[in-house]
Structures are given as C-alpha cells and as structure tokens.
Amino acid sequence: MAKYINKGSSGKGEMSLGKVDRWFLREVKACSASSSQANSFRFKALKNDKLGNGRNINIWRVPWVGDEKGRFIESDEREELKVVGDLIDHEKMEWRYDLIERNFNERDKKCIYAIPLSLRGGCDDYMWAYSKDGKYTVKTAYMIGKGGDLDDFHGAWVNLWSMDLSPKTHHFMWRICTRSLHARAALKHRHVVDNDACLWCPGLEEMMEHAIFSCPRIRHLWKDCGCEQMWENCSGDDILGMVEKWATLDGKMVQRGYILAWNLWFERNKFVFENVVTPVEIVVQRVYKQAEEYNTYSKLNYSGSMKSQPPSAKKWVAPSPGIIKINSDASLCDDGWVGLSAVARDDKGRVLFSVVKRMKAWWPPDVAEAKAILLAVCWVKKKGLSNTIVESDAQMLISRLSMGALFFADLDAILGDIISLCSDFNFTIFSYVKRDGNLVMSNAG
Ligand SMILES: [Zn+2]
C-alpha cells in the first residue's frame, strides 16, 4: 500500500501569531491559484456543490463528471438509472458501488469516484453560489472566485485569522466577512424568497447588519455584553472596515463580540426554522459563559492561545485528563482504494476505540486526509464525546480547520462537513502533529 506523504508535513509546524498573515497569504495562493489545474479543480467543485443530492441531474445528458476526455458519462445508457441521485446511498452519503461497478466503464467509474460526496447533501452553505435556476453563470463563478481573491485582500482578514476563537466562531465570522450568510434581503436579491422583512421589524429589510447589529430587538445586547465600542466609531463602515478597526480594541471584548454575533445568528435561525424564541437575557449569559469556557479550555490545552501552540510534536503526546485525542490518517492505493483510520486515546494513552474504513475512491491526498478527519469527527459524535482534540499530520487542513477558513472547492465541501458536525460539540480543537507522531495504529500507543 503506497503511502502518500502530504505536502504539508514538511516540518514547518510552528505558526506564531506574527506569521499568521504570511501563512494566510500562502494558503490563499495555494487555494485560489491561477494555475489551470487549480481552475479546473474549482470548476469541478462547482458541479459538485451543485450535485447536492443529485436528484435533478440526468446521468446521461448533463455534464456532471470531468477529466481530460470531457464532462459527460461515456458508458451506454441504462434505462433503470436516470438521475445521479440514483447512484448515491443517501443515508451514508456514499456512492452506490454495486450499481456503479456494474453499469459504468473504467473511465466513468474513475470520474465518479473522484467526486467526494458531502454529508450535508444539498448543502445550503454553497447555495449562494448559484443563480435562481441553479445554472452556472459567469457571474456566480466570479462571486466564488472572490472567496479567496488576493487582489481584494483586506487588512480585516489578518485581524480575523489572528483572533483567538473556536473554529465554529471563526467560520461564522468568515461567513459574515464574505457576506455568505443568508439574511432575507440577500435571499430576496437572489430570488430565493419574496419577502425581505426582518421577522421582528415589519417594514425593515433584514440585511445581515440588521440581523446581527442594528435590529432593535438585539441592539442593546452589544451593550449588555460590554461590546458597545465595537459599534461606536464604526458607523458607515462596511463589515470588513469594522473588523479591521476592531484590531485596536481590547482582544477579550472583541472575542466576546464575535461570540455574541454567532449566538445572535444562531437564535435568529432557531426562530426562523424551528419557531423557538430565546429570551435575550439568556443570550447575554450564554455569551459570557462560552467566552469563559473557551478561554479555560484553550489554556488547558495550549497554556494560552490556540495559535501559540508549541512547535508540533514529532512524538504522540497524551492529552490532558478529561480530554480525548483522536488521531486520523489516510492511505491511498493506486488501484483506486482509499483507507481511512482514526484512533481515540485518553490521557493515559489507552485506546478507547479505533475505526478503519476502506472505500473505492480516486481522491487527491488532501481530500483523503480530510475524509479521514471527517471519519474521526463522525465518531466523536457517535460516541457522544465532548472535549476532544482531533489530530492529523495534514498541516494545511489542520490550519484551515482551526480557523474555519473555507473556499469553494471539493476539499472545502468536506471541511465544511467537519466544521458543521463540530458545531454540535462542546469543544473540539484541531491539532497538527508530524507524521511520526500521528499514531493511528491501535497497538502503537
Ligand atoms: Zn429587526
């Protein structure tokens, strides 16, 4: 079994605060690169996101796969198979290998197995990338490109990435800054809904800024959380301008403000989707509690900040008592099989459980490593563990997960799966370890 050594594991484990911006620029370059390979990767990703549950995509007449030979399936049409959704096991969100093996030629199989399916199926994070009728247009491609465009690089990003926040808060702020939250005004603009009014303020447009900052229902909460400074002197600034200015304010206050923003949106969604209303006083208590818990937890693990974690270990290091560490790894065979594994251990190094999964896939190494991390996180959820460290030797993935930074490519659909699963947990920290220290063999602990 050939083991790919991930490019990220070349020993540059350290990432101090001052390096974050340079690191980020490098990552952006890597992700939004102008090379034709990266572009074709992104174009493929587009079809992928659109794939969702595949129930509207004709297998035989729509260009939904892609390689140097083209974008259409080449095998002979089978009447019993109509849409791509027929080829998906929707419960597991995996390809139906039985059907695909029987009905497609080698080239088609390879193309299909190269598409990683997202657990979230018709994932709404990606919906904004498409126009109303789901058609790919130059304009939507442009918007996607903007997700990681260096020409538009703004000082706000450096501030955002250097904040000490949990991955889910980071990811949320990233969505705010890229304007990919689905407030009703934005949905109306994209013809998804007809009514753009705030649910609490008939007649007022629900812009993202309204929902999170200025809606009269929640506006005073910024003061109640001691974050009113984040508001003052910022009138007239757009969100990136605001985030940039926050760099000069007290870090703990800004951290609390970010957590408040996350909670306001979370509560707003609870009302929109489940009709559940939380009294605003409880939101304030929750914000203070979450900030305190997060700071205690990250101190426990890294004696201070998540970003100033020590240069990554070459040896596996046991977690603190009460915390479970899960190591994940992927191995690729050249005959189209991928092995994913994850092992959980406690502070004594005892193995709590281990999982191995073998599946047919033609994925690039980073996609396979991301799937291995996803496997680990799925099991964290299945076992109901709450305080966990998920460790991998795929450095680039760990950095991006730690910051909740998503762009729009195949890989990002999987990173998005991981982050959205993590929103259910108390705390999860992602940790990079050099390859020698990534103990996934159960007997090696
Ligand atoms: Zn309102």
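This is a predicted model: local features need pLDDT of at least 70, side-chain atom pairs count only at pLDDT 80 or more; totals for chains, interfaces and linings use all residues.
Student: What makes residues 251-274 a helix, and what span does α12 reach?

Tutor: Helices are DSSP runs of H or I with at least four residues, strands are runs of E with at least two, and both are numbered from the N terminus. Helix α12 has 24 residues, and the expected span is 1.5 Å times one less than the number of residues. From its first C-alpha to its last α12 reaches 34 Å, close to the 34 Å expected.

Student: Why is strand β4 called largely enclosed?

Tutor: A residue is buried if 20 or more other C-beta atoms, placed from the backbone, lie within 10 Å of its own, exposed if 12 or fewer, and partly exposed in between. In β4 (residues 337-345), 7 of the 9 residues are buried, so the strand is largely enclosed by the rest of the structure.

Student: How do you know that β4 pairs with β3 and with β5?

Tutor: Two strands pair if DSSP finds at least two bridges between them. Strand β3 (residues 324-332) is joined to β4 by 8 bridges, antiparallel, with Lys 325 opposite Arg 345. Over 9 bridges, β4 also pairs with β5 (residues 351-360) in the antiparallel sense, and Gly 339 stands opposite Arg 358 there.

Key
Residues are numbered from 1 along each chain as its sequence is written.
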